[in-house]
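Let us take a walk through this structure together.

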Amino acid sequence: MNPSTIALLIILFVAIIVIASSIRVVKQATAYVIERFGTYQTTWSVGFHMKWPVIDKVAKEVSLKEQVADFPPQPVITKDNVTMHIDTVIFYQITDPKLYCYGVEYPIAAIENLTATTLRNIIGDMELDQTLTSRETINVKMRATLDEATDPWGIKVNRVELKNIIPPREIQEAMEKQMKAERERREQILRAEGEKRSAVLISEGEKEAKILKAEADKQAAILAAEAEKQAAILAAEADREARIKRAEGEAEAILKVQQAEADGIRMLNDSAPSKEVLTIRSLEAFKKAADGKATKLIIPSDIAGVAGLATSVTEAIKTAKE
């Protein structure tokens, strides 16, 4: 192989290496900041790119994903002069790779210091109790302040969270005692409410029992009165029916007697009795009346004639017998 061929192969090999080193493939959610002769040239987004050898260089590879920065606890002083430690978590995202590269030297350190000063300013206007119960308010204020401050750096602060709020030990002990007292108070209130509810339920039960008993007694009295009324009605109806039957029997007996007397009279009339028979019947009736218990006796005016007639009848009977 002659020297010219070797030199050509070497040049070709070097050219391949240079071209290969100039090719870049930018991945998803990534950006490349390109400089030319130390000056910002452009920003590569996702895709296939090629730079000039030696002239251009990739100054910085920037991730466009949302990132998390967890800062250590920072000492802060509240409005009522209580020192406590608060650690924060920042969720941020790079929106402008150029500003991120050239805006500030150490962006994360700058954000950490800015977070600490902002937190001190916000907590310094609050008392301890308000600080412990105003996490959301503190988060919103810090996010607004940090987002505005980091905008020239090409960084957007999406969320700020207070991870831990650590008050002094004596404050923690006082809070624990307060919580214990509060729990005991709630327990006593619940116990008292339970006893009250139990007493109310017992009273209501006794009241319902008395009401039910009174209603039962009332119903029993009503039923007893109804039963007595029905018994009286039945007894009256039975007595009435008995009297009706008795009256009907007496009326029927009277009717039968009257019918018998009428039949007797009719039969007597049909037989055409003689004067002597009528006289004898009159005497028999007079005899029955005389045998009675009456204190007065009425004698017919023609009693002498009747006696004479009786004597005649007696004599006629004796003659007939002889």
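In this predicted model, look for an open sheet built from three strands, arranged in the order β3-β2-β5 with antiparallel pairing. The edges belong to β3 (39–44) and β5 (56–63); each has a single partner strand, so one side of each is left without a neighbour in the sheet. Direction ignored, neighbouring strands here are turned by 25° against each other on average. As a general point, strands of a sheet pair through backbone hydrogen bonds, and they may do so parallel or antiparallel.

Now zoom in on the pairing between β2 and β5. Strand β2 covers residues 30–36, and seven bridges join it to β5, the two running antiparallel. You can pick out one of these pairings by eye: Ile34 has Val58 in β5 as its bridge partner.

Next, find Thr30, which has its place in strand β2. Is Thr30 buried or exposed? With a relative accessible area of 12%, Thr30 counts as buried, because the cut-off for buried is under 20%. Leaving aside residues up to four places away in sequence, Thr30 touches Trp44, Ser45, Val46, Glu61, Val62 and Leu64.

Finally, step back to see the whole chain. It has eight helices and nine strands. Of its 322 residues, 20% are buried. The accessible surface comes to about 23300 Å², and carbon and sulfur atoms account for 59% of it. Among contacts between residues at least 6 apart in sequence, 63% join residues at least 24 apart.

Definitions and conventions: Residues are numbered from 1 along each chain as its sequence is written. This is a predicted model: local features need pLDDT of at least 70, side-chain atom pairs count only at pLDDT 80 or more; totals for chains, interfaces and linings use all residues. Side-chain values use heavy atoms; hydrogens and water are left out. Two strands pair if DSSP finds at least two bridges between them. Helices (H or I, at least four residues) and strands (E, at least two) are DSSP runs, numbered from the N terminus. Axes are lines fitted to C-alpha atoms, for helices over the stretch in contact, and angles run from 0 to 180 degrees between N-to-C directions. Buried means under 20% relative accessible area, exposed over 50%, partly exposed in between (1.4 Å probe, protein chains only). Contact means heavy atoms within 4.5 Å. Accessible areas come from the Shrake-Rupley method with a 1.4 Å probe; for residues, only the protein chains shown count as cover.
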